[in-house]
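Biologist: I'm new to this one and would rather get to know one part well than skim everything. Could you pick a residue to start from and then take a close look at how the chains meet?

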Amino acid sequence: MHYVFEPGFFSSGPVHVALAVGTVIAITSAVVGVFTVTRGQSFAGHSLADIATTGGSGAFLIGVNQFWGYLAFGAGAAAFMEMIGIQRRRGRDVATGVVLGAALGLAALFLYLGTQYSSTTGASFSILFGSIFVITPSTVPALIASALLALATVVALARVLLLTSLSPDIAAARGVPVRAVGAAYLMALAVSVALSAVIIGAVLSTALLIGPAATALRLAKSPLKAVITAAGIGVVAIWLGIVLAYDSFYWPPAGRGWPVSFFVVTLIVGGYLVTYLRRDPRRAGQEQAGQEQSIDAEQACSPV
Amino acid sequence: MTSDDLLRLQNVSVRLGGRDILCDVSFGIRPGQFTGLIGPNGAGKTTLLKVILGLQPVTGGAVLLDGEPRPARDASIGYVPQKLGLEPDVPLRVRDVVSLGLDGHKFGIRLPSRARRELVSDMLTAVGAQRYADARVGELSGGEQQRVMIAHALISRPRLLLLDEPLANLDISSEQGIVSVLARLARAERVAVLLSAHDMNPLMPVMDRIVYVAAGRVAVGDTDEVVQPEVLSRLYGQHVDVIRVHGRILVVAAPEGVDEDHAVAEDAGVMR
């Protein structure tokens, strides 16, 4: 490798698109993800990703852009989950065993048929693992608009979502339409999963949703800081992933770039693991009763 | 019915899944009054609180606020639920939770303001929770969480505060702390308090009135009027004894077919 930025990185059209779309989607996923983790709905996020796989492969089979397949199936699945009550344990069991199994079975069929007819061998790969460098330019406005819509929904619902996480009964008693808010949130989640599926693939989209959020929740205490930290982590992972994937064209086997999704997911997991190296300031505070000079420790634990 | 009642339940009945949970319950609460909602587990205390909050539809009767049917959305009732389902990693600091008490039901975003920060800070001081204002609420002990949730409920200046078993699972000193904070704030802010508990003893020094619930029915009045063997036996539908020992009150029931020498303390617990 000669440089960090290999020749042509800054003049490449696909790189520009990837950076722009990747940034918007990373921010949306991370912000939505903070609420997903806070609400304990990571499972719903992953289910939506599995079902989006079916949508993407179905869209490929009938020759429509995959994003619309991800979006249609994700939104449909979100509505169905709301109906069967994904939050209840029984609902989860049914969803895992029956719905997700059926969805992935269909995805297998669609991909098989699709690749039989069109001989596009890369299709299965791009649906499952993403294709940020081959985003169709005509879908870019739709991608950005969907991302902003999902982001705006979650920002508008932020306080209500937090109050509902604290206690659904308090929220309901104060006139919050808890069920409708949950449904609106689930739709924003479906959109965000469809968007991550475009850039890092349907099966990996949960990583972009939950990874930065989970890391941020280990580092930041307040809701605002958690959202900002998660967005920052998501954007950095996408940017570094894009740079590394571009560079990897020159790595062995030369002439074939490594998948962006690999880099993005590895960076996100790496970031999460790094938070474990950092001493937990709260625990340190409890052990040493304020001797530590950390701001957190000082705040968390004056002696009883 | 007295006209100065803040809250009035009129012949409220709730039937769920073919079972009568509450039967013909009537009582009133006046401003600033401290009322204990006492009874064994499963007697219908939580259902009664949910009826007052508008979370549980009634099969019969009415809930009146200032003599009018309770509006769907009402800021004059504050609520402290029994338990929060918060994981330690939920990014809500104590001050965030109290701040949500002001406007957590509103859509959109708000900008931080000094006035709000001071209001939150004052409220935390009032309940004795300023020490852990910046800790995550999911990491606190049960007693600490109760204080935070009392601050959350009181910051919007309700006229009635409902608390569901706030003393359950607390150690004795936290229990006394919560009771004295509530009694002080109820008096200072003229907030009526309705607090459910399966043990009336920690509340004896502060309780103005008692609503004793058993088998879905209630007996209402001063503690001395209600906690009588005749009154409670009628309520339970079986013979119970009221034993006063070392300044504590035990309600003791004799199960059917067991003679009274082997009477056992109700789960209501009155034995501790």
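Modeller: Let's start at A:Thr229, which is partly exposed, with a relative accessible area of 23%. On this scale, buried means under 20% relative accessible area, exposed means over 50%, and partly exposed is what falls in between (1.4 Å probe, protein chains only). Before going on: this is a predicted model, where local features need pLDDT of at least 70 and side-chain atom pairs count only at pLDDT 80 or more, while totals for chains, interfaces and linings use all residues. Residues are numbered from 1 along each chain as its sequence is written, chains are lettered from A and ligands numbered from 1 in the order in which they are written, and side-chain values use heavy atoms, with hydrogens and water left out.

A:Thr229 sits in helix H10 of chain A; helices (H or I, at least four residues) and strands (E, at least two) are DSSP runs, numbered from the N terminus. Leaving aside neighbours within four places in sequence, A:Thr229 is in contact (heavy atoms within 4.5 Å) with A:Ala216, A:Leu219 and A:Ala220.

Now for the meeting of the chains. Chain A puts 31 residues into the contact and chain B puts in 36. Together they bury about 3100 Å², with 58% of it on carbon and sulfur atoms; buried area is the accessible area (1.4 Å probe) that two parts lose on being put together, summed over both. A:Arg159, A:Leu166 and A:Arg174 supply 28% of what chain A buries against chain B, more than any other three residues.

The rule finds 2 salt bridges across this interface, a salt bridge being a side-chain nitrogen of Lys or Arg within 4 Å of a carboxyl oxygen of Asp or Glu. Side chains of opposite charge can pair when their charged atoms come close. A:Arg159 turns up again here, forming a salt bridge with B:Asp103, with the closest N and O atoms 2.7 Å apart. Which parts of chain A do the touching? Helices H1 (13-38), H6 (140-166), H7 (168-173) and H10 (223-247) of chain A each supply at least two residues, and H6(A) gives the most, with 9.

A:Asp169 and B:Lys50 also meet in a salt bridge (3.1 Å, N to O). A:Asp169 lies in helix H7 of chain A and B:Lys50 in helix H1 (residues 45-53) of chain B, so this pair joins two chains. Both are partly exposed: A:Asp169 has a relative accessible area of 25%, and B:Lys50 has 24%.

How far should you trust the picture? The predictor gives the complex an ipTM of 0.86 and a pTM of 0.84. For chain B, the mean pLDDT (the predictor's confidence in each residue, from 0 to 100) is 86, and 92% of its residues reach 70 or more. Over residues 259-272 of chain B, though, the pLDDT is below 50. Where pLDDT is low, the predicted coordinates should not be read in detail.
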